[in-house]
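The sequence and structure come first.

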Amino acid sequence: MRTSHAVADAPPSLPEGPSGTGSHPAPATPGVRTRSQHQRRRRIVQAAAALASRGGVEAMQMRTVAERAGVALGTLYRYFPSKMDLVVAVVGEEIDLLESSIERRPPHAANPAGRAVDVLMRATRGLMREPELADALIRSLIMAEVEAPFGDRMASLLLRVATDGRTVNLPAEDQLALTGSLGGVWVQELLEMLRGRRTYEQIQHRIEIAAERLLADF
């Protein structure tokens with residue numbers, strides 16, 4: 001599995017000490033370096049998302065992303081070796097936002113299917129605020145040559161919400177398979193919506209049917 005890793009920038013040259021003799025200052029703490037790298041990575045991902053929201057993945061040219069994020073092109077490639085690695089990171093950012101939303105406002109439906117549908121329709125509303133970005137990301141992930149954690153993260157998220165801390169009389173592997181299948185239905189329905197073949201109401205109805213069937217044993 002190919003993954004993206006934030007790679008530390010080359011350490012800067014050491015300045016001369018107060019006496020001008022070239023004495024070394026105390027090294028920066030690891031926490032400071034990590035925070036700086038995290039902020040730089042976040043700027044890159046946000047720049048890529050902003051470009052994709054206006055012109056799709058084609059607009060996410062690596063040089064343009066680097067310029068918009070205010071980093072050198074070489075630095076961008078150390079964080080994201082390819083455009084698809086960057087696309088995967090943007091998708092991860094969207095899932096982070098969804099998880100934060102769920103933590104703030106947990107679904108309160110009475111049954112597992114209802115809670116799962118709440119999450120998926122919340123995700124649909126969020127993505128459709130930027131249809132160009134949604135279309136670019138979903139299509140790119142379907143055709144991606146890199147293995148993305150999108151499906152696994154959505155399956156795990158749906159499982160947590162559906163079970164709501166309750167014990168389910170199903171093997172853990174089966175539980176993830178079922179919530180993963182529901183996530184797959186949602187992706188396909190979202191694509192149909194982006195193509196103009198489904199309305200929001202139609203998507204919700206179809207996902208409700210799928211959730212009731214797939215999560216019936218939850």
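## Terms and basis

A crossing is right-handed if the near helix is turned clockwise from the far one by less than a right angle, and left-handed if anticlockwise. Helices (H or I, at least four residues) are DSSP runs, numbered from the N terminus.

This is a predicted model, in which local features need pLDDT of at least 70 and side-chain atom pairs count only at pLDDT 80 or more, while totals for chains, interfaces and linings use all residues. Residues are numbered from 1 along each chain as its sequence is written, and side-chain values use heavy atoms, with hydrogens and water left out.

## Helix H5 against H9

H5 passes H9 in a right-handed crossing. The axes of H5 and H9 are 9 Å apart, at an angle of about 150 degrees; axes are lines fitted to C-alpha atoms over the stretch in contact, and angles run from 0 to 180 degrees between N-to-C directions. The two helices, H5 and H9, are therefore roughly antiparallel, a label for angles over 145 degrees.

On the H5 side the contact (heavy atoms within 4.5 Å) includes Val-117, Met-121 and Arg-125, and on the H9 side Ile-203, Ile-207 and Glu-208 are among the residues met. By class, the contact of H5 with H9 has 8 nonpolar, 2 polar and 3 charged residues. Here Ala, Val, Leu, Ile, Met, Phe, Trp, Tyr, Cys and Pro count as nonpolar, Asp, Glu, Lys and Arg as charged, and the others, Gly among them, as polar.

## Helix H5 against H8

H5 (residues 112–128) also packs with H8 (residues 172–194), at an angle of about 35 degrees and with the axes 11 Å apart. The crossing of H5 and H8 is right-handed. Contacting residues include Ala-116, Ala-123 and Leu-127 of H5, and Leu-182, Trp-186 and Leu-190 of H8. This contact of H5 with H8 holds 10 nonpolar residues, 1 polar and no charged.

## Two loop residues

Arg-195 sits in the loop between H8 and H9 (200–214). Its relative accessible area is 39%, so Arg-195 is partly exposed, that is, between buried (under 20%) and exposed (over 50%), with a 1.4 Å probe and protein chains only. The side chains of Arg-195 and Glu-192 make a polar contact at 3.0 Å; within protein, this is a pair of N or O atoms within 3.5 Å, one able to donate a hydrogen and the other to accept it, and residues adjacent in sequence count only if both atoms are side-chain atoms.

Asp-164 is in the loop between H7 (150–163) and H8. Asp-164 is not a glycine, yet has a positive phi of about 50 degrees. Most residues other than glycine have a negative phi.

How values were computed: Angles under 35 degrees count as roughly parallel, over 145 as roughly antiparallel, 65 to 115 as roughly perpendicular and the rest as oblique.
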